[in-house]
Amino acid sequence: MNTAWRIRVVSMENPPGELLSSADVIAGGRRQLELLPEGLSAERVILGASAVEQARELIRRAETETVVVLASGDPLYCGIGGTIAKLVEPEHLEIQPGITAFQHLFARLGRPWETAALFSVHGSDTPLPWRRILNAGTSVVYGDSRRTASDLAGELIACFPESSGRSASIGCDLGTPEERILCGTLARLAREKVPPLSVLAVFPEGGLRPGLPLGLPDSEYAHSARMITHPEVRAVVLAKLRAVSGVMWDLGAGSGSVGLEAAGLAPELTVYAVEKNPGRAADLRSNAARHGIPLKVMEGEIASLLSALPDPDRVFFGGGASELEEVFARLRPGGILVATAVLVETAVRLGRALPEFRTELLTLNVSRACSTSAGEFWRAENPITLAVFQK
C-alpha cells in the first residue's frame with residue numbers, strides 16, 4: 001500500500017507547470033479549468049454543487065494517481081482546500097496557496113489589512129451579520145452571484161441607514177484582465193453593477209457604527225403582549241452567562257432577544273431557541289433575520305425537544321423552572337444556567353432548586369421616570385428574580 005500519496009491543492013495564481021504536466025487528474029471550477037494551458041493530457045473534473053462527494057472521490061483516486069485540485073487565492077480561506085482538509089489526514093494533503101482576493105484588493109489600494117475582520121456569505125443563505133461588519137474598523141465581505149459586493153453594500157445600508165456614508169471599496173475580477181477597483185461611500189457603491197467575482201471592503205472613515213448588541217431597546221425586536229426580557233434584565237443575564245463559544249439553549253425564548261444578543265456578542269456561539277407559541281416563534285425568526293443572526297429555532301414544548309438538542313455550555317431559562325433539574329443535568333461541566341422568574345411561585349421554586357450548584361440568587365428592581373403635570377415620578381416595574389447555577 002502506498003502510504004506516501006498526496007492530493008495536491010494549488011492556487012491558480014502560480015500553478016507549477018511540471019505538476020500540471022505530470023497530473024493524471026486536474027479538478028477545479030469551470031472558469032479555472034478554462035484557464036489551463038493547452039496540451040495537458042490530464043483528465044479534467046469540473047467541481048460543482050456536490051463538491052464534498054467529488055472531493056472524497058478525488059482523495060480515493062489520489063492514492064494511486066497524481067491528482068491536482070485548482071483553487072483561487074488561498075485554498076484554505078472559504079475554498080476547496082478547507083473542504084478537502086476535513087476529509088484527509090494532513091500528511092496526505094499538500095497546499096500551495098496564493099494570495100486571497102481581499103489581499104489583492106488591499107494591495108491595489110495600498111492599505112494595511114492586519115486588523116481587518118473577514119466575512120463570507122459566499123454560497124450560503126445565511127443572514128448578513130451586518131452589526132459585526134459595521135462595528136469592525138475595517139471589514140471584508142465575500143459575496144457571490146446571488147449577492148454581489150454592491151448588493152451587500154445595499155444590505156448594510158438597509159439594515160443600518162446611518163452607515164451610508166462609510167468609506168468602502170469593491171474589487172471586481174481581481175487578478176484578471178477585467179480587474180476593476182471601485183471606491184466611494186457605501187451608498188455610492190450600492191448603486192453600481194458589479195460581477196459575481198467581487199469583494200467588498202468597508203473602512204472606518206465616515207458614517208456611524210451600530211454599537212454592541214447589548215441591552216437593545218425593546219423596539220428593536222418584534223414581540224407580543226410585552227413577552228420580552230427587557231433591556232436592563234437582558235444585560236444582567238448576559239453578564240451572568242459569560243458566553244463565549246459552544247452551544248447555548250434559550251428556553252422559552254419568546255422574542256429571542258437574549259439568545260440573539262448572546263450570539264451577536266459571541267459569534268462562535270451556536271444558539272438553539274425553543275419556543276412553544278407559534279406566533280412568538282414567528283417573531284423570533286423575524287428578529288433573527290432582522291439582526292443577521294443564524295439562530296436555530298425549535299418550535300414546541302421544552303420537554304419534548306430536549307432530546308433533540310446537543311448538550312449546552314450555557315442555558316437561559318426565561319420565566320420558567322419546571323424542567324430546571326432535567327436541563328441542568330444536560331449542562332456540560334463548567335457550564336452556566338441562568339433562570340428568571342416574575343411569579344412569586346416560580347421565584348420560590350428557583351430559590352429551592354439545586355442549592356449545591358447555585359452561585360447567585362438576586363432580584364432586579366427597575367423604576368422608570370414618568371412625567372405628569374406636576375413633574376416626574378418613578379414608576380416601578382415588576383421585580384425580576386435571577387438564579388445562577390454552575391456545574
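**Strand β2 and its partners**

I began with the pairing of β2 and strand β3 (residues 43-46), which is parallel and runs over four bridges. Two strands count as paired if DSSP finds at least two bridges between them; strands (E, at least two residues) and helices (H or I, at least four) are DSSP runs numbered from the N terminus. Within β3, R44 is the bridge partner of I26.

I note that this is a predicted model, where local features need pLDDT of at least 70 and side-chain atom pairs count only at pLDDT 80 or more, while totals for chains, interfaces and linings use all residues. Residues are numbered from 1 along each chain as its sequence is written, and side-chain values use heavy atoms, with hydrogens and water left out.

I then took strand β4 (residues 67-71), which pairs with β2 in the parallel sense over three bridges. V67 of β4 stands opposite V25.

Are the faces of β2 buried or exposed? I found both faces of β2 (residues 25-28) covered, with V25 and A27 buried on one side and I26 and G28 buried on the other. Buried means under 20% relative accessible area (1.4 Å probe, protein chains only).

**Helices α9 and α10**

I looked up helix α9 (residues 231-241) and helix α10 (residues 257-265), whose axes come within 10 Å and cross at roughly 50°. Axes are lines fitted to C-alpha atoms over the stretch in contact, with angles from 0 to 180 degrees between N-to-C directions.

For the contact (heavy atoms within 4.5 Å), I listed R234, V237 and L238 in α9 against S257, V258, E261, A262 and L265 in α10.

Key
Buried means under 20% relative accessible area, exposed over 50%, partly exposed in between (1.4 Å probe, protein chains only).
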